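Please keep the sequence and the model open while reading.

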Amino acid sequence: MISLRKRLVPWLLAHGNVAYERWIAGRKRALFTGLSGTVVEIGPGAGANFPYFTSAMRWVGVEPNPYARAYLERAARAAAVPFEVYLGNVERLPLEQASADAVVGTLVLCSVDDVTAALREIRRVLKPGGRYLFIEHVAAPPGTLRRRLQRWVKPLWRVIGDGCHPDRDTLRAIRNAGFARVDAEEFLAPAGLVAPHVAGVALAA
């Protein structure tokens, strides 16, 4: 059953998020334009961000789902981006310290087991002055009906959503992670229960 779910997740990411990706495209384009050097993408899934990447970068993907590799290789080749794919998770990135010019993560930190460890690893692999570029869905404001619903559905949501926490206060975690500077924008996406989103840049010291 677990293997079947793992096989299904990349397919759903590749084929089931078309409307969302169309809606979020402008924000991704603004955030990712001009990236160059070594760019590490955490949890790249099926490769939804490749339309915003160019051959000016060396893309290194770290993905925990082995069944996503074929999708990522296909997307990288279509975008003509030099690439490497590693099987691993964000909490223990298989990369050297201060080896990345940028780290990209979109809709990833909601599903990691240890957010603090993940952000520590992101800081570790970034060069001084390197950037962590993120788009994440986050917890709804405290006391709202959406926040109560997020907490109520979380047990089932985590099973269906491959470990996703719908009520995780990710922006707070990023701000408290020790980056030199964090600039972020909060907004609502057309995503129902996980409509609250943040997008931004965290600068490594």
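1. Buried is used here for a residue with under 20% relative accessible area, exposed for one with over 50%, and partly exposed for anything in between, with a 1.4 Å probe and protein chains only. Because its relative accessible area is 0%, I174 counts as buried.

2. The model is predicted, so that local features need pLDDT of at least 70 and side-chain atom pairs count only at pLDDT 80 or more, while totals for chains, interfaces and linings use all residues. Residues are numbered from 1 along each chain as its sequence is written, and side-chain values use heavy atoms, with hydrogens and water left out.

3. I174 sits in helix α6, which covers residues 170–175; helices (H or I, at least four residues) and strands (E, at least two) are DSSP runs numbered from the N terminus. Leaving aside residues up to four places away in sequence, I174 touches L109, L119, Y132, F134, F179, V182 and A202, where contact means heavy atoms within 4.5 Å.

4. Seven strands form an open sheet with mixed pairing, in the order β3-β2-β1-β4-β5-β7-β6, and two strands are said to pair if DSSP finds at least two bridges between them. The edge strands, each pairing on one side only, are β3 (83–87) and β6 (181–188). On average, neighbouring strands of this sheet are turned by 15 degrees against each other, direction ignored.

5. Within the sheet, β1 (residues 37–42) and β4 (residues 100–106) pair in the parallel sense over three bridges, and V40 has V103 in β4 as its bridge partner. Helix α4 (residues 115–125) packs on the sheet, where it touches β1, β4 and β5 (126–137), and its direction makes about 145 degrees with that of β5; axes are lines fitted to C-alpha atoms, for helices over the stretch in contact, and angles run from 0 to 180 degrees between N-to-C directions. Helix α3 (residues 69–79) lies across β2 (57–63) and β3, running at about 170 degrees to β3.

6. A nonpolar core is a set of buried Ala, Val, Leu, Ile, Met, Phe, Trp, Tyr and Cys residues joined through side-chain atoms within 4.5 Å. The largest one has 29 residues, and those with the most contacts inside it are V103, L119, I122, Y132, I174 and F179. At least two residues of this core come from each of β1, β2, β4, α4, β5, α6 and β7 (196–203), with the largest share, five residues, supplied by α4. Another core, of 24 residues, lies apart from this one and has Y52, W59, L72 and L133 among its members.
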